[in-house]
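My notes follow in the order of looking.

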Amino acid sequence: MSGPLTGAIRVPGDKSISHRSLMLGALAVGETRVTGLLEGEDVLATAAAMRAMGADIVREDSGTWSIHGVGVGSLLQPTSALEMGNSGTSTRLLMGVIASHAISAVFTGDASLSKRPMGRVIEPLSQMGAQFEASPGGKLPLRLQGACPAVPIEYRLPVASAQVKSAVLLAGLNTAGVTRVIEPVMTRDHSERMLRGFGAELSVEEVDGERVIEIRGEATLAPQTIEVPGDPSSAAFFVVAALLTEGSDLIVENVGLNPTRAALLSVLRQMGGSIEELNRRDVGGEPVADLRVRHSALTGIDVDPAVAPSMIDEFPVLFVAAALAKGTTRTSGLDELRVKESDRLSAMAEALTLAGARVEEAEDGLTIHGTGGEPLPGTAKDCAVTTHLDHRIAMSMAVAGLASRDGVLVDDTSPIATSFPAFNQLLEEARA
């Protein structure tokens, strides 16, 4: 086991809010200013795409980003393909943005993104009038021809997906009339909060236990000043590392605690984790706090599948926490993890087994028998964990390495740059 994590650290800005700040700033009329933007490759792919469609986006020396938008309905035809790298969020949300504009765009991505199906977004956007020529299986590269005028639709989400919901709402911005999305299970609501913040006419109501979200199109968005809170998905790695490492007493500052994103903290507290919220406040419509995390003896639980949508990205690192807990942790309802940057269920089952954990894989979840706080053995010297180009697998197994006797070898740490370029440096700071 490594030394304790102490002191105070600040994780990079929330990725979801960073993407949306750039997109909505580019669709507003006037200058939007953003501080705390996450400057990972995924978000920079969004910035490059919005520039290619006419927005003036500049990073100032102070680290503040200035975005001069073109206005809803006034995006320009990009002159070359929009290169999305590894960013599924950029791809799906931008497909929504472009779907109701009279322009066409070709989307390309890296090997990992090109394996991810886009059909769940293509389906509703096609109903609105957009036309797609996709690679087999609805994958990238694909060409999208926007519809003008697009047709407002009522769309019931067949699976809980914030990206699909957001794509339809963004397409609705430039569509005459009211576009309606029905969400049987609530997913992260950054799009709703931020669209309202930029001045879109958007309402949310509960009808028969479902969320009905309506947006009125032909909107005029007003520029904003945005302070991006710390990304709870990035904070998760440090929270789990501090819980697992003896003697740790760490403060993670300025963490966004949007209720649609904060389920991991509830689950870790259920397992016995000591996580306090200090200085709770509201920043730009989003709840924020500093988290004080202390080393804790964790106990395995059955995780309620209903929490899956509000911690879908945090399951890989929860699996690491479960591997060190006392007793058994069971998870289910996680089919969505099979279509992320990698098949995260089989990737984490394989990785943790290699590090010495006892894991059983089912179709929709993992059962993990914990060590009761004993360190994991770690990987053999010549036996590297396969990350499948997935940043969350790489970071989760780095945390597992801290909680192991011999460390954990991973095949490739470069994917971490897509979401969290300073991860290793912050981990060293906390351990120093």
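I began with Asp 14, which lies in the loop between strand E1 (6-10) and helix H1; helices (H or I, at least four residues) and strands (E, at least two) are DSSP runs, numbered from the N terminus. The model is predicted, so I note that local features need pLDDT of at least 70 and side-chain atom pairs pLDDT 80 or more, while totals for chains, interfaces and linings use all residues. Residues are numbered from 1 along each chain as its sequence is written, and side-chain values use heavy atoms, with hydrogens and water left out.

Is Asp 14 buried or exposed? I found Asp 14 buried, at a relative accessible area of 1% (buried is under 20%, exposed over 50%, partly exposed in between, with a 1.4 Å probe and protein chains only). Setting aside neighbours within four places in sequence, I listed contacts of Asp 14 with His 190, Val 228, Pro 229, Gly 230, Asp 231, Pro 232 and Arg 261; contact means heavy atoms within 4.5 Å.

I then went to Ser 87, in the loop between strand E5 (82-83) and H3. Ser 87 counts as buried because its relative accessibility is 1%. Beyond four places in sequence, Ser 87 touches His 19, Asp 42 and Leu 113.

Next I took the helix pair. The axes of H1 (residues 15-27) and H3 (residues 88-99) come within 11 Å and cross at roughly 25° (axes are lines fitted to C-alpha atoms, for helices over the stretch in contact, and angles run from 0 to 180 degrees between N-to-C directions). H1 is therefore roughly parallel to H3, a term for angles under 35 degrees. On the H1 side I noted His 19, Arg 20, Met 23 and Leu 27, which meet Thr 89, Ser 90, Leu 93, Leu 94 and Val 97 of H3.

Last, I checked the cores, each a set of buried Ala, Val, Leu, Ile, Met, Phe, Trp, Tyr and Cys residues joined through side-chain atoms within 4.5 Å. The largest nonpolar core has 73 residues, of which Phe 238, Leu 268, Phe 319, Leu 352 and Met 397 touch the most other members. Helix H7 (residues 232-244) gives the largest share of this core, 10 residues. A second, separate core has 65 residues, including Ile 103 and Tyr 155.

How many residues of helix H9 (residues 315-324) are buried? I counted 10 of 10, and these pack against H7 and helix H8 (263-270), among others.

Definitions and conventions: Angles under 35 degrees count as roughly parallel, over 145 as roughly antiparallel, 65 to 115 as roughly perpendicular and the rest as oblique.
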